[in-house]
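Hi,

Here is the structure I promised to pass on. Please open it first, then read my notes below.

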Amino acid sequence: MREFVLTSTGVSGMTILGATTLNFIHPATSVSIDIGFIRHWVGQSANVTSDMQQICLMTQVTAFPTLVSATPRNLKMGDPNGPIITGATTGAAGTCGINASAEGAGAKTLIWPDQFNVVNGYLKVNTPEEREVAPAGAAFGVNLWFSQPPLTLTGWAWGQSVYEIA
Amino acid sequence: MGKADDDAHLLIGSALGTTYRRANKTETYVSVPPALVITDSDGGTWTLGFKRVIHNHQFEFNVLRNGVDVGEMAKLIEYTKGVVKIFGHYGWKSFSRSRRHFI
């Protein structure tokens, strides 16, 4: 099973840009490979005061967010193949990106909402049978999304680990 | 921000490639998951890594302290009254007072 992570960059986290989509992953249409999600995480690097923050997993149809291009990284170091999903700023099919600067006008659909304290961060681990799967050819991408901007915009680190289902 | 810029009293550790700075250790009974990190009184930052196995239809991940694998797999890391505990298919284990291993 080929596994990848799509994460924020920098050892001290990133500054949330104008929008609140943290990760956006859109399955490919040209090849029949689904994308499964193993876990999702968000944390704040800087020393912060206690505050609750809502986090959601959403789907979004076109128009997609405007993103910072980021390429998923192999979790298995010996894997000679790159991921089927590549980095891009557009959110188009077969691409992914991080830290949106604009949300895009496409309708979002909530998969699950949750809340966490920014001091402790958030880690969602699915049981194996409950992993979310975004099917190949889907008209939507999957957002890891803050429903509201956080109190402090700086120092955020996040990621998702995903696998390909052929 | 470099370490030279930090308040000497901050607890500083790392998890999943990110440096975490905290003024206080984590409150008691916080567990990973659903929290992402636990900061102990030494500034050790605990989280679950990416290596995993399945036991009883649940994932167990490798346990990391400041990004270093401590050689244990767990479903849960919990901070209870100043002691880091992990839970897996073997039951509960506690981090020793010597800060070297789980017993």
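**Chain A: overall shape**

A compact globule of 166 residues would have a radius of gyration near 15 Å, and chain A, at 15 Å, agrees with that. The radius is taken over C-alpha atoms, and the globule rule is 2.2 Å times the number of residues to the power 0.38.

Two notes before going on. This is a predicted model: local features need pLDDT of at least 70, side-chain atom pairs count only at pLDDT 80 or more, and totals for chains, interfaces and linings use all residues. Residues are numbered from 1 along each chain as its sequence is written, while chains are lettered from A and ligands numbered from 1 in the order in which they are written.

Back to chain A. Its C-alpha atoms fill a box of roughly 45 × 35 × 30 Å along the principal axes. Chain A has 13 strands and zero helices. Both are DSSP runs, numbered from the N terminus: helices are H or I with at least four residues, strands are E with at least two.

How much of chain A is buried? Buried residues make up 45% of its 166 residues. A residue is buried if 20 or more other C-beta atoms lie within 10 Å of its own, exposed if 12 or fewer, and partly exposed in between; the C-beta atoms are placed from the backbone.

Now look at contacts in chain A. Of those with a separation of 6 or more, 87% are between residues 24 or more positions apart. Two residues are in contact if their C-beta atoms, placed from the backbone, lie within 7 Å.

**A strand in the open**

Find strand β9 of chain A, residues 108-117. One of its 10 residues is buried, so β9(A) lies largely in the open. Strand β4 (residues 52-61) of chain A runs antiparallel to β9(A), and nine bridges join them. Two strands pair if DSSP finds at least two bridges between them.

**Chain B**

Chain B has 10 strands and zero helices. Its radius of gyration is 14 Å, close to the 13 Å that the globule rule gives for 103 residues, so chain B is as compact as a globular protein of that length. Its C-alpha atoms fill a box of roughly 45 × 25 × 25 Å along the principal axes. Buried residues account for 35% of the 103 residues in chain B. Among contacts in chain B between residues at least 6 apart in sequence, 32% join residues at least 24 apart.

There are two sheets to trace in chain B. One is an open sheet of four strands in the order β3-β8-β9-β10, with antiparallel pairing. Its edge strands are β3 and β10 (91-94) of chain B, and each pairs on one side only. The twist averages 25 degrees from one strand to the next. Axes are lines fitted to C-alpha atoms, for helices over the stretch in contact, and angles run from 0 to 180 degrees between N-to-C directions. Inside this sheet, β8 (residues 76-80) and β9 (residues 83-88) of chain B pair over five antiparallel bridges. Y79(B) has V84(B) as its bridge partner in β9(B).

The other open sheet has four strands in the order β4-β5-β6-β7 of chain B, again antiparallel. Here the edge strands are β4 (38-39) and β7 (68-74) of chain B. Two bridges join β4(B) to β5 (residues 45-55) of chain B. In β5(B), W46(B) is the bridge partner of I38(B).

V30(B) sits in strand β3 (residues 30-32) of chain B. Is V30(B) buried or partly exposed? V30(B) counts as partly exposed, because it has 19 C-beta neighbours inside 10 Å. Leaving aside neighbours within four places in sequence, V30(B) is in contact with N120(A), A35(B), I38(B) and Y79(B).

**Where the chains meet**

The contact takes 23 residues from chain A and 24 residues from chain B. On the side of chain A that touches chain B, β10(A) gives the most, with four residues. By class, that side has 11 nonpolar, 10 polar and two charged residues. Ala, Val, Leu, Ile, Met, Phe, Trp, Tyr, Cys and Pro count as nonpolar, Asp, Glu, Lys and Arg as charged, and the others, Gly among them, as polar.

Best wishes
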